[in-house]
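This report goes through one structure by topic.

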Amino acid sequence: MQIALRELAEITRGRFHGPDVMIGGLSTDSRNIRPGDLFIALRGTHVDGHGFIPAALECGASAVLLEEAAQIAPPGVFPRVIVKDTFQALGAIGAWYRRRFLGKLLCVTGSNGKTILKDILYRIMAPVLGVSRNRGSYNSRLGVPLALLSMEMSDALWITEAGVSEPGDMKYLQEILRPDCGILTNIGMAHIGGFGTRENIAREKLRLFLEIPREGWVLLPGDEPLVENWAEELSCRVFFLNREKEQIPWFEPLVHMGSRVALTVHFPGEAMPRRIILRTPSREIARDTELAICAAWLLGALPGEIARVLEEFETSETRMEIWNSPGGVTFINDACSSDPISVESALRSMGSITGNSGRRIFVFGGMGELGDYFGEQHSQVGRLAASYGVDHLFLPMGEGLDRTAAAYATQGNGQVTRYIDGASLLTLISTEIGSGDTLLLKGPRQGTIAQTAPRLFEAIAPNRLIVDFSAVLENIRRFRGHLGDSVKILAMVKALAYGSDMTRLALALQDSGVEYLGVSTPDEGATLRRLGTSLPILVMITAPDEVAKVCAHRLTPVVSSPDVAERLVSWVKGHNSQIAVHIKVDTGMGRMGIAPSQVPRILDLLESCPGITISGIMTH
């Protein structure tokens, strides 16, 4: 942004004190100030930003926006604008910036799934047109204007989100955002203590869409009756998921495939449905993806473009962390939110990950902001834990979660353990957990579980390697962009994929569209076949006595010695088998391969066997 401080004073209805300067950006954190920025001094619950004005000026702030009632007297004379309320002033700046944008603004709201849906839609639309999204979950009174000010003015589409925690929030956000189209993910129980009923939550969220113009649209969940009446008040086009089958894409029931979910989507105008495999076990993320598909279609994305992006998309942005310890324990850390919808989603994910083997251990720290619904919703968590097969339920001491324990004990056959604090929880879990178990940690962001989780991980597995599959798949996408479709890619996953988990990475690479996988030994190739890998698998090192193994598992051995070639010909002829091979030639390294002088004889030997196809030649 480039704006004179005097003009900014008019926008915020503040008093300007010169000299006039140009503002190139703004920050509410003195630590992030860049030269030319405006520092906005916000008064928080625990910290007053006015106390950081000197630090902001030292870091190069060209001006300051502060409140007239500030108790802290800033030193010296400097360019500033004085307002009654800096929060309101920040909102006014965000609204001014929004009015200058000439493209479309799409806003996502709902109790859960806003950030995931926004990120999925961004990934779909990015190849289609210029698009911006706000990073992270900037969706509050403070976050929304900051999110807008990070958007690119030259883009054709902005995708942002709006969240509410108390009545009146959405009116404030709507006046800033003025969306051209919108999406509602769901109506949950989050913050119901402040709203009283789910009906009030629905009404508050739909306020965001009240002034969308007639040519705009709103996409709503098709299985939420609370939005029916309020939707009639909207003047724009309204679409319900899985209802308007002639106007927007619709979906067959989800199919769960272990750690993945299969979507079958029918696009208007296409005779045959498309099947898309999502890399997530979460039904909720799959539902967010359905909404994103419909929104992308309404925005002009073609079915093929949508399917291609989703087949490569890794939902790494989700706050749930899943990893396996060397001792065979699966950890699911989702200790940053604790509303009823997210609790059920986490339990469902644990069930799909665990399958029928191992114990399911659930550490639950409770939920907040439920008001009169506290007891009812905590009882429901106990029933859900029982229905999803939890074997051992850990709960904090106190009357608050007695109803969770009682409901679980009534319907479940497992054990309930109460803990006093983080230290006792750490001791209990460390002695209870065993190989093959799955441990789910779920609780409020600032609660005991969130603080205990890192200590628990360190106690059980102090050394961890974190592999970002989305980064690997992004590399594949970039390679493909440079090479084109005519060049095939072989991905090496030998030696446990260099320590990065061969099994999971191989399946991810297969889904990304690589044409070959490479391994060190036949045993590694056999492991991939048992996992269901259908790609050709090149085996770099095959001993003569392992020929039967490579044939049995349809592997492609590298023939690097006369002994292997002779044994291979003998076995294939004797078993009337079929196999493809690569020939490895030693071109001077002296490590592995057939000497160049021996290559003609080996070629004649292999070609004498009708069941052997020479599909490649290589060196080291």
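## The six-stranded sheet

Six strands form an open sheet in the order S24-S25-S26-S27-S28-S29, and the pairing is parallel. Strands pair here if DSSP finds at least two bridges between them. Helices (H or I, at least four residues) and strands (E, at least two) are DSSP runs, numbered from the N terminus. The edges are strand S24 (490–492) and strand S29 (612–618), each of which pairs on one side only. On average, neighbouring strands of this sheet are turned by 30° against each other, direction ignored. Axes are lines fitted to C-alpha atoms, for helices over the stretch in contact, and angles run from 0 to 180 degrees between N-to-C directions.

Inside the sheet, strand S25 (residues 516–519) pairs with strand S26 (residues 537–539) in the parallel sense over 3 bridges. Leu517 has Ile537 in S26 as its bridge partner. Helix H23 (residues 599–607) lies across strand S28 (579–584) and S29, and runs at about 150° to S29.

## Basis of the model

The model is predicted: local features need pLDDT of at least 70, side-chain atom pairs count only at pLDDT 80 or more, and totals for chains, interfaces and linings use all residues. Residues are numbered from 1 along each chain as its sequence is written, and side-chain values use heavy atoms, with hydrogens and water left out.

Buried means under 20% relative accessible area, exposed over 50%, and partly exposed in between (1.4 Å probe, protein chains only). In a regular strand, side chains alternate between the two faces of the sheet.

S11 has parallel partners. S8 pairs with S11 over 4 bridges. There, Leu106 has Cys181 in S11 as its bridge partner. S11 and S12 also run parallel, joined by 3 bridges. Trp217 in S12 is the bridge partner of Cys181.

## Helix H6 and the cores

H6 is mostly covered, with 7 of its 9 residues buried. The buried residues are Asp169, Met170, Tyr172, Leu173, Gln174, Ile176 and Leu177. Their cover includes H3, strand S8 (104–109), helix H5 (143–148), strand S10 (157–161) and H8. Just after H6, Arg178 takes a positive phi of about 45°.

The largest nonpolar core has 54 residues, and Leu38, Leu65, Ile93 and Leu177 have the most contacts inside it. Such a core is a set of buried Ala, Val, Leu, Ile, Met, Phe, Trp, Tyr and Cys residues joined through side-chain atoms within 4.5 Å. Helix H3 (residues 86–100) gives the largest share of this core, 6 residues. Neighbours within four places in sequence aside, Leu177 is in contact (heavy atoms within 4.5 Å) with Arg98, Leu105, Cys107, Val144, Leu148, Thr160, Ala162 and Leu208. Another core, of 42 residues, lies apart from it; among its members are Ile183, Ile276, Leu291 and Ile293.

## The H13–H14 pair

The axes of helix H13 (residues 374–387) and helix H14 (residues 402–411) come within 7 Å and cross at roughly 35°. The crossing of H13 and H14 is right-handed. A crossing is left-handed if the near helix is turned anticlockwise from the far one by less than a right angle, and right-handed if clockwise. Residues of H13 that meet H14 include Gly375, His378, Val381 and Ala385. On the H14 side, Arg403, Thr404, Ala407, Tyr408 and Gln411 take part.

## Salt bridges

The structure holds 20 salt bridges. Each is a side-chain nitrogen of Lys or Arg within 4 Å of a carboxyl oxygen of Asp or Glu. One of them joins Arg15 and Glu68 (3.2 Å, N to O). Arg15 sits in strand S2 (residues 15–17) and Glu68 in the loop between strand S6 (63–67) and strand S7 (80–83), 53 residues apart. Arg15 is partly exposed, at 44% relative accessible area. Glu68 is also partly exposed, at 43%.

Glu211 and Arg178 form another (2.4 Å, N to O). Glu211 lies in the loop between helix H8 (198–206) and strand S12 (217–220), and Arg178 in the loop between helix H6 (169–177) and strand S11 (181–184), so the pair ties together parts 33 residues apart in sequence. Arg178 is partly exposed, at 36%.
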